[in-house]
Amino acid sequence: MASQVSFTFESPTGSHDMSVEYVRRGSGEPLLLLHGIGHHWQAWEPVLPLLAPEREVIAVDLPGFGRSPALPAGMSYDLATVVPALGALCAALDVERPHVAGNSLGGLLALAMGREKLVRSVTALSPAGFWTEGERRYAFGALRAMHRGASTLPPAVVDRLSRTAVGRAALTSTIYARPGRRSPEAVVAETLALRDATGFHRTLHAGREVLFSTDLPDLPVTVAWGSSDRLLLRRQGVRAKHVIPGARLVRLPGCGHVPMNDDPALVARVILDGSS
């Protein structure tokens, strides 16, 4: 069952109060899990049973996504704001320098937390921020199209589509290489989460100028990329390796942009190895 925690954090514009939805399972060293844009903590459900026996797993809804409220009015969804908020979240949960794994937007945030020395290791799955301008425009266009679809399809139609493999592919093949493996209930829930994501457009706006260009020489970093990622093409992983030469670069065969669903066992192994 999910819980909410409220806390105060410092941003470039001052002190702010916020709440975050999260689930906490397992035992061992703490591992923070960060989802991608438009998703929710349930993106990690396929790997939670594999991670929880070895880590105390904390999967969160990022601000403005899932059941976490939006950032206070007027605040930017940039790294300078969201990263300190995640640091304050860890303090509120009494977690000091957890391991962190993130996907897409969450991968970028995980790397940025590493840059601020808030975590003890980083595993970034298809992280944002290593694109060319053309690749960024393509990805943002695909994401906006997904959001328009989620916003315009009546819930009854989403429910009907989710009950067939072809329908699940129509709804989610941009992010999954194997959409037929996703349950109908999960597809409905994540489509509605995308539709209702109050932080979606402001996150895209903040991401227009983002390029991650900082080496993390004193931190264990794993960058993993799905071989079938249709949103952020896998050549961006090579760029990430150039930026962070000490990073372990891992190929995820047959996986799409959100690999946790496509191959849970492989993704869990990569995360556990990267946080050992």
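Trainee: Phe130 and Phe212: buried or exposed?

Mentor: This is a predicted model, and in it Phe130 is buried, as is Phe212. A residue counts as buried when its relative accessible area is under 20%.

Trainee: How many aromatic pairs does a search of the whole structure find?

Mentor: Ring pairs are read from two values, the distance between centres and the angle between planes. Searching the whole structure gives two aromatic pairs. One of them joins Phe130 and Phe212, with 5.9 Å centre to centre and 55° between the planes, a tilted arrangement.

Trainee: Which parts does the pair of Phe130 and Phe212 tie together?

Mentor: Phe130 sits in the loop between strand S6 (121-125) and helix H4 (133-152), while Phe212 sits in the loop between helix H8 (200-207) and strand S7 (221-226). The pair therefore ties together parts that are 82 residues apart in sequence.

Trainee: What kind of aromatic pair do Trp131 and Phe140 form?

Mentor: Planes over 60 degrees apart count as edge-to-face. Trp131 and Phe140 have 90° between their planes and 5.5 Å centre to centre, and the pair is edge-to-face. Trp131 is buried, and Phe140 is buried too.

Trainee: Which residue lies over the face of Phe140?

Mentor: Arg136 does, at 4.8 Å from the ring centre. Phe140 thus has two entries to look up: the edge-to-face pair with Trp131 and Arg136 over its face.

Trainee: Now the helices. At what angle do the axes of H2 and H3 cross?

Mentor: For a helix pair, read the crossing angle, then the residues that make the contact. The axes of helix H2 (residues 79-92) and helix H3 (residues 105-115) cross at roughly 75° and come within 10 Å. H2 is therefore roughly perpendicular to H3, because angles from 65 to 115 degrees are put in that class.

Trainee: Which residues make the contact of H2 with H3?

Mentor: From H2, the residues are Leu79, Val82, Val83, Leu86, Gly87 and Cys90; from H3, they are Leu108, Leu109, Ala112, Met113 and Arg115. By class, the residues of this contact are nine nonpolar, one polar and one charged.

Trainee: Where is Leu71, and what does Leu71 touch?

Mentor: Leu71 is in the loop between strand S4 (55-60) and H2. Its relative accessible area is 4%, so Leu71 is buried. Not counting residues up to four places away in sequence, Leu71 touches Phe9, Met18, Pro63, Ser76, Tyr77, Thr81, Val82 and Arg202. Val82 is also one of the H2 residues in the contact with H3. Thr81 is 10 residues from Leu71 along the chain, and their C-alpha atoms are separated by 9.3 Å.

Trainee: What does a loop residue such as His35 touch?

Mentor: His35 is placed in the loop between strand S3 (29-34) and helix H1 (48-51). With 0% relative accessibility, His35 counts as buried. Residues up to four places away in sequence aside, His35 touches His40, Trp41, Ala43, Trp44, Val60, Asp61, Leu62, Phe65, Asn103, Leu105 and Gly106.

Trainee: Last, the backbone. Which phi do Asp94 and Ser126 have?

Mentor: Asp94 has a positive phi of about 60°, although Asp94 is not a glycine. Ser126, also not a glycine, has a positive phi of about 45°. Asp94 lies in the loop between H2 and strand S5 (99-103) and is exposed at 72% relative accessibility. Ser126 lies in the loop between S6 and H4 and is buried, with a relative accessible area of 1%.

Technical notes. Residues are numbered from 1 along each chain as its sequence is written. This is a predicted model: local features need pLDDT of at least 70, side-chain atom pairs count only at pLDDT 80 or more; totals for chains, interfaces and linings use all residues. Side-chain values use heavy atoms; hydrogens and water are left out. Axes are lines fitted to C-alpha atoms, for helices over the stretch in contact, and angles run from 0 to 180 degrees between N-to-C directions. Helices (H or I, at least four residues) and strands (E, at least two) are DSSP runs, numbered from the N terminus. Angles under 35 degrees count as roughly parallel, over 145 as roughly antiparallel, 65 to 115 as roughly perpendicular and the rest as oblique. Contact means heavy atoms within 4.5 Å. Ala, Val, Leu, Ile, Met, Phe, Trp, Tyr, Cys and Pro count as nonpolar, Asp, Glu, Lys and Arg as charged, and the others, Gly among them, as polar. Buried means under 20% relative accessible area, exposed over 50%, partly exposed in between (1.4 Å probe, protein chains only). Rings of Phe, Tyr and Trp (its six-membered ring) pair if their centres lie within 6.5 Å; planes under 30 degrees apart count as stacked, over 60 as edge-to-face and the rest as tilted. A charge sits over a ring if NZ of Lys or CZ of Arg is within 6 Å of the ring centre and within 35 degrees of the ring normal.
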